[in-house]
Amino acid sequence: MKHYIIVKFTEGTDVKALVEPVRAIFEETLTIPGIHTLDLHVSNSDIANRYDLMIVFDMDKEALPAYAASEPHLRWKSEYADRIAKKAIFDCD
């Protein structure tokens with residue numbers, strides 16, 4: 001399945017400066033059985049109502065609980081939650 005995390009950061013956040021630290025956190029989840037790939041996409045739009053970052057995993061559906069409980073995922077939430085204005089999570093086949 002595909003697991004998407006789509007993020008709108010708070011105003012004034014330097015999104016480009018966050019890409020590599022965020023990637024490093026999520027790359028740690030690639031050791032979880034059933035998580036196959038990770039892609040990060042930065043928006044190319046300056047329009048105010050657009051989201052800033054899309055994180056895409058290809059994973060087995062059964063890997064989702066292990067991912068959700070993983071240390072990197074919890075660290076992402078604790079370290080970046082205060083910089084996130086909006087977030088959408090979307091899963092599909």
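Predicted model: local features only at pLDDT ≥ 70, side-chain atom pairs only at ≥ 80, totals over all residues.

Author: In helix α1, the buried residues are Val15, Leu18, Val19, Val22, Ile25 and Phe26.

Reader: Changing topic, how many salt bridges does a search of the whole structure find?

Author: The search finds three. One of them joins Glu20 to Arg23, where the closest N and O atoms are 3.3 Å apart. Both residues belong to helix α1, and since they are three residues apart, about one helical turn separates them.

Reader: Is Arg23 buried or partly exposed?

Author: Arg23 counts as partly exposed, because its relative accessibility is 23% and buried would require a value under 20%.

Reader: OK, and which residue forms a salt bridge with Glu28?

Author: That is Arg75, and the closest N and O atoms of the pair are 2.5 Å apart. Glu28 lies in the loop between α1 and β2 while Arg75 lies in helix α3, so the pair ties together parts that are 47 residues apart in sequence. Glu28 itself is partly exposed, with a relative accessible area of 36%.

Reader: Which residues are linked with Arg75 in a network of salt bridges?

Author: The network links Arg75 with Glu28 and Glu71. In the salt bridge between Arg75 and Glu71, the closest N and O atoms are 2.8 Å apart. These two residues are both in helix α3, where they sit four residues apart, or about one turn of the helix. Glu71 is partly exposed, its relative accessible area being 45%.

Reader: One last thing, where does Ser70 lie?

Author: Ser70 lies in the loop between α2 (64-69) and α3 (71-80). With a relative accessible area of 8%, Ser70 is buried.

Reader: And what is Ser70 in contact with, leaving aside its neighbours within four places in sequence?

Author: Once those neighbours are left aside, Ser70 is in contact with Thr29 and Ile32.

Terms used. Residues numbered from 1 in each chain as written. Heavy atoms only, no water. Buried < 20%, exposed > 50% of the residue type's maximum accessible area, 1.4 Å probe, protein only. Contact = heavy atoms within 4.5 Å. Salt bridge = Lys/Arg side-chain N within 4 Å of Asp/Glu carboxyl O.
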